[in-house]
Amino acid sequence: MAEEIPVRVTPPDGNPMRGDLTDAEIAARNVLPVTNPAGEAIKNIKENHITENKDVVSYRKSNPNEPGPAADEPLKPGVLREVQKITDRLGHKVTKDDPEYWGIASVMTEEEAAVTKHMKVRVPMTFSALQSATGLAAPKLQELLDSMSLKGIIEYNWENAEREKQYVLPMFVPGSAEFTVMNESQLEEHPEIATLFERMTYLPLKMATKLVPPGGAGIGMHVIPVERSIEQVNHTVSVEHISHWLKKYDRYAATPCSCRLAERVRGDGCADDPEDWCIAIGDMADYCVETGKGHYITYDEVIDICQRAEKNGFVHQITNIDGEDKIFAICNCNVNVCYALRTSQLFNTPNLSRSSFVAHVDAEKCVACGGCVEVCPAGAPQLGQKLSTVHGQLTYPMQDLPDDKFWGEADWDWNYKNNNRIECHDTGTAPCKVACPAHISVQGYLRMAAEGRYRDALELIKKENPFPAVCGRVCNRRCEAACTRGTVDEAIAIDEVKKFIAEKDLEAEHRFVPEPVIPSNRGRFMEKIAIIGAGPAGLSCAFYLAERGYNPVVFEKNALPGGMMVYGIPAYKLQKDVVAAEIDVLREMGVEIRCGVEVGKDISLNDLRQDGFKAFYVAIGCQGGRKAGIAGEDAVGVSTAVEFLRTALDDLAHVVSGKTVVVGGGNVAIDAARVSMRCGADAVAMYCLEQPDEMPALPEEIAEAREDGVTINNGWGPAAIETTEDGRVRGVTFKRCTQVFDENKRFSPRYDETDTVFVEADNVVLSIGQSIEWGNLLEGEAVELGRGKGAVADPKTYQTAQPDVFVGGDVYTGPSFVINAIAAGHEAAVSLHRFVQAGSSLTIGRNQRHYVELDKSEIALNPDSYDHAGRQIPACGKVESIRHNWSDVRKTFTPEQVRIETARCLKCGASVVDANKCIGCGLCTTRCEFDAIHLFRDNPECSTMVRAEDKKTKILGYIGKRAVKIIKNKKRSEKSAKPESHVTTDELGNPVPAGSTGISS
């Protein structure tokens, strides 16, 4: 019987998987074995072979049931007999067109089948017993046994009193379907065995999973939680702890993940390096090492791999076919490829893999940061709201279970990898997180700031935004526009709090440099990725690639990195040293920035390919200005806003003389007007099409321009620029604009041509749009250009028609805000990582970035439930004169102002866990910085471990109990509606209506 484990607390920097191992026991486990369990020298039949990216062989049929090559070769009757014996498909007669046959027949000979003929599934036989049964000479028999061991058809161990080596004919899963894949040179030669493995985790289970009792009935794998997440849970038992198994066994081997290998071959890989994620323990470690499927590792290395897995969001699982006294592997599984997790997620039958534990959220502590949501492999937590509505507190739907109703194919979810990544309930969550293009956890960092946890707050922000100091100064504050507090009085001063937090990042001694989280056990990735353009999109992409373990190279044609953050935003709003300080963090992370290099002129994309670059992110921004197409716009003294700002901001002594007219009504026009005043213009007037309430410029920008002395004239469009005889500008004729947008809110200006006005001007700045200056960058490339010469790309992945070229930022969206570019760069980093890792899907299992704002009109606020302090305003220095004054006189909040302002937050959002979907892995607890989510041992029966030989008994015994439960459930015939945000497909990926079978016939 499994023993109860006492509650314990491991220090934050300690190793919770140590359990009660002594220093001496750990020291002994940190010495690599030199003999096998029988005390004999280790006999390496084959050296460990690793298939690198360049050597991956693809094999993917449109229908996975399509027979492999061996089906077209002469039948091997002995092999057919053996796979019939091994298969778990009850009542199924295997033919040469079945994966059991054509998968194994691709590697197994008839001579080998003649040996296994004398073996029963999972019944060990010693060499002498096999020799007696087969009548083969010892050398020949050993040759065949070694061959099958290498291939993965059989395994061996020393699990008997005499410690005599014994051979085992395993089941397919866990067993030979995996072992054959783990022989990576064999997988290169016979990639079809990847599909054998995939089919053997589906075909035998598709009708049985709904009948499986808690604990899994000796089938497959079983989730074992993050050790730290259950340390303080009462009444846990030994088999629920990784520490128990690491003490029980004293020899370990790191082996490649067979699921990652198989899905990489099948083209649906997850972009992890497959090596060393699965830890063979006990005698299995020796089998894997001797047959070239792994290498010995120390206890400390086991801990490192498991902790690295947790940081990457991988689920710990153990084998579950030998009862509670034996396992032979601890796997660290990525749900996007894991076939063991698929058995519960695809069929919506958590009994098959869940642990005894269920996550519970403390709503009062939860801040809807989304950490638990994004890491959960089962999609159990989703963001919701904790504010009460006029109809009362919201309730949330729960996943149906096969124990509650008649269960059929309509209840499966072939698109679970994407549906489980939907972050938000359709009823919505905190508006600030939703409105932010980068979906930063605003509520989370406000809470941290309130608690004085400024560095933690900075870390939380940088999970989605590497430029908090920049955004704290120039963000367009959509989070504040959406803030629920704004319905009460004024929105929270979110950006001012962020600016306060980010100030810490400008000081080198306090700078936060993220720790890389690399989905590899072999160090950083060596694939070379080039980023063209060092603006916010390109640099953000570089930041998140570096965080994932790459060393990207950024090419920038200008002398300084930063793009429009340096060359387009005036220093009185954003000082260059602020941008430089945040870019320095990227360099510390391993990003190389090469300035003064224009790709397309100094070097081409093909040159970079020749230099080994595997992928490119083109984010050069909109560096040109648009003209109005009117007479006189090429006159001396006329410039676009982009040109003017680049010139003036690059030379802070630049002088503007006389009167300046700025044409346009956006934020860039405001910048051009204010910079003109600072450069010495006698007068600056803005003329724009829009009326005051239609102007695209932010209200505070308009107010600040007026404070600087800029006059703003609304409802005028340029008709012509008037010039002198020598070709200089002398003024602009404007015509009255009577309409800017049509009834569908589309830009469609109309004019009264008879109502005009002439305005004298010595300088005219056209701020009516920006353009992309491609130069020769795309020469010879297949990248397509669309409206406004913007690059055409997939809206999710940003991949263009040239497969290795991705685009983002303004070259894709058109002119936008810094925060939009940052969000695009983050998503591009995900795509680039997946692209350069062979066999990876660019789309499967990505976080869907599906965020819905709660309905503020439905909120019922109790006036006694929130702080009534007013919005805080930061101090501002006094400016004697703006002439050539580029200082940013705006101050940051004081700590007291931060305390007052953060207390105004209404705490709108919270995570909501669907207990029916939770598999009890504990990963959510590793992401929560607010002590808001914990595991509870709600389902102790799920720790019942039985031998595979007893599964029929266990399932048959459970069928009757399940049937009674369903019959008693009055709602058993009801069909639960699928969430609107979910996509339903069949096995082949074809969309099907919600409620249909979802299975291809």
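**Two helix pairs**

Guide: H7 and H12 are roughly perpendicular to each other, because angles of 65 to 115 degrees count as such, whereas those under 35 are roughly parallel, those over 145 roughly antiparallel and the rest oblique. This is a predicted model, in which local features need pLDDT of at least 70 and side-chain atom pairs count only at pLDDT 80 or more, while totals for chains, interfaces and linings use all residues. Residues are numbered from 1 along each chain as its sequence is written, and side-chain values use heavy atoms, without hydrogens and water.

Helix H7 covers residues 172-182 and helix H12 residues 258-265, and they pack at an angle of about 70 degrees with their axes 9 Å apart; helices here are DSSP runs of H or I with at least four residues, and axes are lines fitted to C-alpha atoms over the stretch in contact, with angles from 0 to 180 degrees between N-to-C directions. Their crossing is left-handed, the near helix being turned anticlockwise from the far one by less than a right angle. Glu178, Val181 and Met182 of H7 meet Ser258, Leu261 and Ala262 of H12, where contact means heavy atoms within 4.5 Å. By class, these residues are four nonpolar, one polar and one charged.

H19 passes H23 in a left-handed crossing, with Val442, Tyr445, Leu446 and Ala449 meeting Ile494, Val497, Lys498 and Ile501 of H23. That contact has seven nonpolar, no polar and one charged residues.

Key:
Ala, Val, Leu, Ile, Met, Phe, Trp, Tyr, Cys and Pro count as nonpolar, Asp, Glu, Lys and Arg as charged, and the others, Gly among them, as polar.
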